[in-house]
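My notes follow in the order in which I made them.

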Amino acid sequence: MRSAQANGLRAHAFCRMTLGSGAQIWNRDIDRSANRDVLQLLAEATGASLDELAGGMLTSYEGILFEHHNPGGNTKWILPLGIYHRTRKRYGMQFCPLCLAEDQQPYYRKQWRLGFFTLCDRHSVMMYDRCPQCETPVTFFRVELGCRNRVPGSLITQCHQCGFDLRRTPAYGPSSPDAMSLVALRSLVTFHNLGWWFCRQETLHYAPQYFEVLHHLVTFLATGKGARLLAYIEQETEWKHVDADSLEKIPFEFRPVGQRHGLLLAALWFLAEWPDRFVTACGQAKLSRTAVTRDEHFPWWYEKVLREHLDRSQYVATTEEAASVAAYLARVGEYVSATKVGNMLGAKDKGAASAYKKSQRHGIPSGEELDWVIATLGMAIREKEAVSVRRLLLERDRAIFRFMRITGWPAKRTLGLTVADAVRLAKTVDTKDTLPAAARGVLLNYLRDVRRYLAGENSGNVLFVGQKGGGIGVKNLQLRWRKALNDH
Ligand SMILES: [Zn+2]
Ligand SMILES: [Zn+2]
């Protein structure tokens, strides 16, 4: 829109000239769906870089607000426009009247499409999600339709339906149960792009782990059972923003801005004193863990509180949870140990740590378990001096586990490989036996950097050689696995 205006063109003419007449723009949610070809054409026409344009897309929130953006369907936190031909059925384009009024050349911000953006990050006033006069969804490109004689682009702040200038919308301060919860929401709208977040003493290195829980809370609070928690807030603070009875059974992103704001502040009020308020409120409301989670799986920092405080049975971490925490630690580059995994899962009885150790014992390890042991070995290798047998053995182990991780082969099959097999597999490309390139790389690197230093006269043709000549068996590999765990 701004490029069109700067060139003295109407938006439709600008798009026709840059993207061609067949481009599907006005009947799509282009903030979400514009593909690389469209961005490329825009980049060529405007001089903006491809990265800059891609940064204006809602997909740029991947790995920050959510793991994956779903361009065709709904994505958590992204307000849907409800597009029907060229009209908008839903209130997905919010605005801050003060921002629009201050802009020399008014424009609509990317973050105004986010569900938790109920507050302006600059003015701390409530956002609007519709024309205050006629309640029509904001569809700024439609203002130009049917008014050919007006100056192009000058009307982007007008309601296309009734002509009201959205810059003249009254600005209101937000309501909140207490000052802290409002500060929390202000921080969230201002710094939502950091990629990490925190909840009291908990630092979440991967922000989707926070946003997933927040989304769950605002969804749960709008249910019949969640209403009991809203009642608890009212009892404690006398704050009531959303009327629980008036809440329809619709996704959070479909709700009007006022409802979203109330649910967000309720969730943030609980998170501000995490987990005490929540645990007390659930106790009073007689809500068990399963009533809250409905057997869905959530990030460990949230789940551990529910399991520890809301479960009738005592919390014992599952091997799956332990492996998931370990994989998480490895991914963010932290030192992984059984004790640390136990601490993060928060089990009082060391159940988590033993669950973690148990997970290593039997059968084919899961991908996450392998990721963990590979990361642990990597750290152990870095600690060892440059050349030593112990280091070579660790590198051998890592090669074995990497190979298993990439190929999905069980230990027995992997350990049965000969040097001749490895050379053949590493060189086989484009047949049905072809291994993934990463697996071939593991074999070649192992042959070049490890095996030739480890192999002795008795090693024979076996690929993964043991210390005393010959290969290593599955039992031995399990011992090595456990050793890697216990040493770190
Ligand atoms: Zn503003
Ligand atoms: Zn209007």
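**Overview**

I counted the secondary structure of the protein first: 22 helices and four strands, where helices (H or I, at least four residues) and strands (E, at least two) are DSSP runs numbered from the N terminus. The model is predicted, and I kept to its thresholds: local features need pLDDT of at least 70, side-chain atom pairs count only at pLDDT 80 or more, and totals for chains, interfaces and linings use all residues. Residues are numbered from 1 along each chain as its sequence is written, while chains are lettered from A and ligands numbered from 1 in the order in which they are written.

Next I looked up burial. Of the 488 residues of the protein, 38% count as buried. For this a residue is buried if 20 or more other C-beta atoms lie within 10 Å of its own, exposed if 12 or fewer, and partly exposed in between, with C-beta atoms placed from the backbone.

Among contacts with a separation of 6 or more, 63% join residues 24 or more positions apart.

**Core and H10**

I looked for nonpolar cores, meaning sets of buried Ala, Val, Leu, Ile, Met, Phe, Trp, Tyr and Cys residues joined through C-beta atoms within 7 Å. The largest one has 105 residues, and Met127, Leu221 and Ala267 touch the most other members. Helix H10 (residues 257–272) gives this core its largest share, ten residues. In soluble globular proteins, nonpolar side chains tend to be buried together.

I followed Ala267 further. Not counting residues up to four places away in sequence, Ala267 touches Leu214, Leu217, Val218 and Leu221.

H10 itself is mostly covered, with 14 of its 16 residues buried. From first C-alpha to last, H10 reaches 22 Å, close to the 22 Å expected at 1.5 Å a residue; the expected span is 1.5 Å times one less than the number of residues.

**Helix pairs**

For packing I used axes as lines fitted to C-alpha atoms, for helices over the stretch in contact, with angles from 0 to 180 degrees between N-to-C directions. H7 and H10 pack at an angle of about 110°, and their axes are 9 Å apart. That makes H7 roughly perpendicular to H10, since angles under 35 degrees count as roughly parallel, over 145 as roughly antiparallel, 65 to 115 as roughly perpendicular and the rest as oblique. On the H7 side I found Met180, Ser181, Ala184 and Leu185, which meet H10 residues including Leu264, Leu268 and Trp269.

The second pair was H17 and helix H18 (residues 389–407), which pack at about 155° with axes 9 Å apart. H17 is therefore roughly antiparallel to H18. Their crossing is left-handed, that is, the near helix is turned anticlockwise from the far one by less than a right angle, clockwise being right-handed. Among the H17 residues that meet H18 are Leu370, Ile374 and Leu377, and among those in H18 are Leu394, Phe401 and Met404.

I also checked the length of H17 (residues 367–383): its 17 residues reach 25 Å, close to the 24 Å expected. Buried residues in H17 include Glu368, Glu369, Asp371 and Trp372.

Most residues other than glycine have a negative phi, and most peptide bonds are trans.

- The peptide bond from Trp274 to Pro275 is cis, with omega near -5°; Pro275 sits in the loop between H10 and helix H11 (276–284).
- Glu135, in the loop between helix H6 (97–102) and helix H7 (179–191), has a positive phi near 65°. Glu135 is partly exposed, with 13 other C-beta atoms within 10 Å.
- Glu238, in the loop between helix H9 (226–237) and H10, has a positive phi of about 65°. Glu238 is exposed, with 8 other C-beta atoms within 10 Å.

Which residues does Leu98 contact beyond its neighbours within four places in sequence? I found Cys120, His123, Val125 and Ala171. Leu98 is in helix H6, and its C-alpha lies 8.9 Å from that of Pro170, 72 residues apart in sequence.

Arg228 is in helix H9 and is partly exposed, with 18 other C-beta atoms within 10 Å. Leaving out residues up to four places away in sequence, Arg228 touches Ala285 and Leu287.

Definitions and conventions: Contact = placed C-beta atoms within 7 Å.
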